[in-house]
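Open the model in your viewer and keep the sequence panel beside it. This tour tells you what to select at each stop and what is there.

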Amino acid sequence: MEAFAYASPSSLKEAVGLLGAKWGETEILAGGTDLISLMKEHVDVPARVVNIKGIDELRHIKEENGGYRVGALVTFDEFLAHDGIAKSFPALAEAARGVSSPQIRNMGTVGGDLLQRPRCWYYRGGFGLLARDEKGHSLVPGGENKYHAILGNDGPAYFVSPSSLAPALIALGAKATLTGTGTDIPIEELFVTPKTEEQREHSIHPNQVLTAISIPASAHEWRNATYEIRQKEALDWPLATASVALKMNGDKITAARVVLGHVAPVPWRSHAAELALVGKSLNDATAAAAGEAAVRSAKPLSQNGYKVQLARVAVKRALLQAKEDA
């Protein structure tokens, strides 16, 4: 690990003042479950690390206007222990339970989950976020790509967004609070596909802090569920996930949100799947049609074609789970 300066502010204002204007100058330490490993592998070499764990105002879960406001430092264990969230939003509870390591659940934070860096082995191996060789050609299409994107992968980014909570939060219409903005932004807008190595996969700026997420009161009106497909039950990232939220009028779907995870550089909202659901009854055939629509535009690489079927099945089973939970 390279030498770095260390700061441990006690207030949010102090923390923001310690951040740099460009990526790479400073990094924020919360749970540390991702940043420390990146620094040990010399993938991330910040000049200063700003530890925000001592800022108490970022540790709350509060009821707010019928919804919930969750501080960025709330851990997975604390998130799961909150009865109101776990009972009202099974999509979020299932996504959080998917983080099977007790150590990660105890240390990992809600904010850290949203802002963790890609698990792409090219990136982690030091080849950069866009995984290019010395001539500027991407290593992914012709290389080992079995865990890479099947959607939104026209280039130059081929990694998949690793966040466990983001698909469910997007399906529920949640928003993120960032310092220096004045207004909250939809969680969906927190994720971007970088075009250059100087960019990141999040819209947050280097001198901003993600302080909280807000789940609106209207989220209670949506039936919701998450379905994840993994290679093993031990700690691992899913191969494909789907989070869904449905508004119903009797047995008819009046509105739908379908968000796929681990299949694109950003959490992938499928408007095609949503259109396939609206006005229909929720049954096996409808759910299967929505799953088919969700992957219609997929462009698998040389080794990850299997993900198309996994994503299709994840959407179908998430929808049927939402029906069963209701």
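The model is predicted, so local features need pLDDT of at least 70 and side-chain atom pairs count only at pLDDT 80 or more, while totals for chains, interfaces and linings use all residues. Residues are numbered from 1 along each chain as its sequence is written, and side-chain values use heavy atoms, with hydrogens and water left out.

**Pockets**

Rolling a probe the size of a water molecule over the atoms shows where empty space is left. Here a pocket is an open set of points, on a 1 Å grid over the protein atoms alone, where a 1.4 Å probe fits, with protein on both sides within 12 Å along at least five of seven lines; lining residues have an atom within 4 Å of a point. Grid points are joined across faces, edges and corners, and a volume is the space filled by probe spheres set on the points.

The largest pocket has a volume of about 780 Å³. Select Asp34, Gly111, Gly112, Leu115 and Gln116: of the 42 lining residues, these are the closest to its centre. Next select strand 2 (26–29), helix 2 (35–40) and helix 7 (110–115), each of which supplies at least two residues of this lining. Helices (H or I, at least four residues) and strands (E, at least two) are DSSP runs, numbered from the N terminus.

The second largest pocket has a volume of about 320 Å³. Of its 15 lining residues, Arg119, Tyr147, Val160, Trp237 and Pro238 are the closest to the centre.

Select helix 5 (90–97). Which of its residues are buried? Ala91, Leu92, Ala93, Ala95 and Ala96 are, where buried means under 20% relative accessible area, exposed over 50% and partly exposed in between (1.4 Å probe, protein chains only). Their cover includes helix 3 (76–81), helix 4 (83–88), helix 6, helix 9 (166–171), strand 8 (210–215) and strand 9.

Now move to Ser101, in the loop between helix 5 and helix 6 (102–107). Ser101 counts as buried because its relative accessibility is 9%. A polar atom of its side chain lies 3.2 Å from the backbone nitrogen of Ile104.

**The loop between helix 8 and helix 9**

Ser164 lies in the loop between helix 8 (121–124) and helix 9. Is Ser164 buried or exposed? Ser164 is buried, because its relative accessible area is 9%. Leaving aside neighbours within four places in sequence, Ser164 is in contact (heavy atoms within 4.5 Å) with Ala95, Val99, Asp113 and Gln116.

Glu134 has its place in the loop between helix 8 and helix 9. Glu134 is exposed, because its relative accessible area is 75%. Select Arg312 as well: its C-alpha atom and that of Glu134 are separated by 37 Å, and the two residues are 178 apart along the chain.

Finally, find the open sheet of four strands, with order 9-10-11-12 and antiparallel pairing. Two strands pair if DSSP finds at least two bridges between them. Strand 9 (223–229) and strand 12 (268–269) are the edges, each pairing on one side only.

Strand 10 (residues 240–249) pairs with strand 9 over seven bridges. Asn224 has Ala245 as its bridge partner, and Glu228 has Thr241. Seven of the ten residues of strand 10 are buried.

On strand 11 (residues 252–261), nine bridges join it to strand 10, and Lys252 stands opposite Asn249. Two residues lie between these strands in their hairpin, where Gly250 takes a positive phi near 70°.

Technical notes. Polar contact = N/O pair within 3.5 Å; in protein donor to acceptor, adjacent residues only side chain to side chain.
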